[in-house]
Amino acid sequence: MPALHIKQKYQNWFSAAMILLVAFAVVLSCAPSKNMLENGTAGWITQTVAPAFWEAHLPIERSPNNENALELSVFFTDPYSAQARLRQGGLDALLIQAIDRAKFSLKMAMYNLSLENVTDMLIRARQRGLQVHVVMESDAMDGKQPQRLMDHGISIVGDQLESLMHNKYWIIDEAEVWTGSLNLTYTGTYNDHNNVLMLRNSYVVQNYLTDFEEMFTGKFGDAKRRNTPHPFIQANDTKIETYFSPEDKPLSRLVMLVGGAQERVLFLAYSFTSDALAEVMIERAETGVEVRGVMESQQMDSNQGTEYERLRQAG
C-alpha cells in the first residue's frame with residue numbers, strides 16, 4: 001500500500017495557492033525544530049539540510065563576504081489562541097514592529113489588505129519620510145484601507161488583469177523580505193492557518209526587488225520576464241532557490257523536486273489541481289516514500305479539477 005495520506009481540515013488552510021511552493025521549500029530544504037512543528041510556534045531555523053536529490057549541476061551562486069549571511073525565521077498564525085479571539089497580538093503586530101523600525105523604504109505586494117492597524121502603520125511610515133510603494137490585486141483596491149493609503153499619497157499599482165496578483169510579500173529597507181501565505185486581513189491573520197517567512201540575504205532581497213519593480217512599473221502576468229538575478233544561491237550551508245509565477249514556471253521545479261524525494265514529502269495546499277504534481281506524488285508513494293498532506297475542505301469539495309480524491313484513492 002503506498003504511504004500516501006491526505007487529511008481533510010475544516011478550516012481555511014492558507015489563503016494563497018502559491019503556498020505549495022512555500023510549503024515544499026520549507027519541508028524539502030530546511031530542518032525546523034520538532035517543537036516548532038508540533039506546537040505551531042514561531043522559531044528560528046538554525047540547521048538546514050541539503051536534500052540528497054539536489055541537482056549537482058544547478059548553477060549555484062555563492063554570496064561573497066557579508067552577503068553570504070542568511071537569517072531565516074518562520075512564523076505561524078494560531079487561530080485557537082487567546083490573541084486570535086481578541087484579534088490582537090498576531091502576525092500583524094509583528095509586521096508593524098518590523099516596519100516601524102524601517103529607515104527609508106517599504107515595498108509591499110499584497111493580494112488583499114483590510115487591517116486598519118497595518119494601514120495606520122503604512123501611513124505613519126510615509127509621514128516619517130519613508131518611500132512606500134504598494135502593488136495589489138486590482139479587484140481589492142476599492143476596499144476602505146487601500147483607499148485610505150491612496151488618500152494619504154501612497155502609490156498603489158494594480159494588475160488590471162483577469163488573472164490574479166496573488167503575491168503576499170513585503171521588502172523592508174531593501175534588507176529583508178517577509179513572504180508566505182498571509183493576506184493582511186482579519187480573516188487571514190486571526191481565523192486562517194497561515195505562515196510567514198522572514199529572510200535576510202542580499203541576493204534573496206535583490207530577487208524580490210526585481211520582481212516588485214517589474215510589477216510596480218506595470219508588468220504583470222505574461223508581460224513579466226524571466227529575469228530573477230540570483231535564482232540559485234548558496235548562503236553558508238544553505239541552498240536557496242527563488243521562483244516567481246508565472247514566468248519562472250515553479251510547478252515544473254516542484255515536480256522535479258518531489259520526483260527526487262527519497263524519504264518523505266509533506267505538503268499543505270489551499271488549492272491543488274495539478275495533475276503532474278499529483279502523479280509524481282503517487283509515483284513516489286508507490287516506491288515507499290512517505291507522502292502526507294493537508295488540504296482546505298471547501299476547495300477539496302468545490303474546486304474544479306481538484307486532486308484530493310485521486311490522491312486519497314491512491315492510499
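Modeller: Start with R124, which counts as partly exposed at 32% relative accessibility. Buried means under 20% relative accessible area, exposed over 50%, and partly exposed in between (1.4 Å probe, protein chains only). The model is predicted, so local features need pLDDT of at least 70, side-chain atom pairs 80 or more, while totals for chains, interfaces and linings use all residues. Residues are numbered from 1 along each chain as its sequence is written, and side-chain values use heavy atoms, without hydrogens and water.

Colleague: Which side chain meets R124 in a salt bridge?

Modeller: A salt bridge puts a side-chain nitrogen of Lys or Arg within 4 Å of a carboxyl oxygen of Asp or Glu. Here D100 is the partner, at 3.1 Å, N to O. R124 sits in helix α5 and D100 in helix α4, so the pair ties together parts 24 residues apart in sequence. D100 is partly exposed too, at 33%.

Colleague: How many salt bridges does the rule give?

Modeller: The count is 15. Among them, E71 and R200 meet at 2.5 Å, N to O. That pair joins strand β4 to strand β10, 129 residues apart.

Colleague: Is E307 buried or exposed?

Modeller: E307 is buried, at 3% relative accessibility. Its salt bridge with R310 has its closest N and O atoms 3.3 Å apart. R310 is partly exposed, at 32%. Shared partners join D275, E279, E307 and R310 into one network.

Colleague: At what angle do α4 and α5 pack?

Modeller: Helix α4 (residues 91-100) and helix α5 (residues 116-127) pack at about 5°, with axes 10 Å apart.

Definitions and conventions
Axes fitted to C-alpha atoms, helices over the stretch in contact; angles between N-to-C directions. Helix = DSSP H or I, 4+ residues; strand = E, 2+ residues; numbered from the N terminus.
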